[in-house]
Amino acid sequence: MSEAEELLSTPAEWDLPPERHRHFKDVLMQQIDHDTGVTPRRSRFLRPAVLVPLASAALTGALLVTLSVDGRGPATGPAPSATTAAASVTLNRIATAAMASDTVRVRDDQFVYVRTLVRENTGTFTGPVRLGALHTEERWTSQDPGPLRVTGWIRASGKDAIMPDQMLPIESPDPRPAGVDHPTYRWLASLPTDPDTLLARLREQARPVEGESRDQAVFSLIGDLIGGTIMPPANAAAFYKAAAKLPGVREIPDAVDAAGRHGIAITLDDTGFATRDEWIFDKETLALLGSRFYVTDPDRGITTETLFGTTAVMETAVVGGKGEVPARAAAR
């Protein structure tokens, strides 16, 4: 058995957000290149909506590789177009809109369904970024508080989709109770709605990787939660108000999601990290539209900030079981 095959056969915490395992995947991808002489495709970037965790080791050569600095220069990009204070004002406006949204209650025996459009990097491991075709990804997150080994299911379809039209489990080597790695409605509703208290809780639970600040890890964690779950309005508002307190957040007046919709983006500048992600909101309703993700990697010839992936949240709903979509649920 090759080292790559051994790594693939070793249980890994695939239910965690993808960036939490970037170093393991980086090593794995290098070893696959060495053992097979073939550069496999990597998976998508889905932080805010991906926010979608990797499904299982069955994805093999479709692993996401994002980059920490590891001795390289800091990520580069345009100078901030707005101050942190202005971004905080916008985030508090978004929080107000979230508080006014309808309450959708989710039972423990149900699933949260999220459908997103995705464009992701299909370039080689050592080469430049090449964005693939737009495709669809659907995710079903179990609301059972657990502990569970399989916390949900994912299915992709369309050109450049990973293992198209197959239902793949989102699983972990050990059973996971409801929490940051298995965010259920009931768990999210139990979180503090005071933004300072919530931010302190998130700082405790965020897990920075090498080169990543704790603030960046918190920003990514908030993005994972707001884009891939359903929660009470008061909790959603608290997440946005907590994000407003992170130093370095800034507003981008115009950003475009994977569906081509223009909106306002919120990002976090972290000069010690080689990646940057944006949350995109509708300019009128302030609803979350999607995300964009940028990377800088001089070792691969990417010397300026380059778009690495983009998403658009198209539908979020509550359904009765895995594989069920809202239209079918409504027809029952």
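Visitor: Which residues touch the most other members of the largest nonpolar core?
Guide: In this predicted model, the largest nonpolar core holds 37 residues. The residues that touch the most other members are L91, I222, F239, Y240 and W279.

Visitor: Which element gives the most residues to this core?
Guide: Elements that give two or more residues include α3 (84-99), α6, β6 (262-268) and β7 (275-282). The most, 8 residues, come from α7.

Visitor: Is helix α7 largely enclosed or exposed?
Guide: Buried residues are those under 20% relative accessible area. In α7 they include P233, N235, F239 and Y240. Because 10 of its 12 residues are buried, α7 is largely enclosed by the rest of the structure.

Visitor: What distance does α7 reach from its first C-alpha to its last?
Guide: The helix covers residues 233-244, which is 12 residues. At 1.5 Å a residue, 16 Å is expected. The model is close to that, at 17 Å.

Visitor: Is Q216 buried or exposed?
Guide: Q216 is placed in helix α6 (residues 214-228). Leaving aside neighbours within four places in sequence, Q216 is in contact with L268, D270, F273 and D277. Its relative accessibility is 1%, so Q216 counts as buried.

Key: Residues are numbered from 1 along each chain as its sequence is written. This is a predicted model: local features need pLDDT of at least 70, side-chain atom pairs count only at pLDDT 80 or more; totals for chains, interfaces and linings use all residues. Side-chain values use heavy atoms; hydrogens and water are left out. Helices (H or I, at least four residues) and strands (E, at least two) are DSSP runs, numbered from the N terminus. The expected span of a helix is 1.5 Å times one less than its number of residues. Buried means under 20% relative accessible area, exposed over 50%, partly exposed in between (1.4 Å probe, protein chains only). Contact means heavy atoms within 4.5 Å. A nonpolar core is a set of buried Ala, Val, Leu, Ile, Met, Phe, Trp, Tyr and Cys residues joined through side-chain atoms within 4.5 Å.
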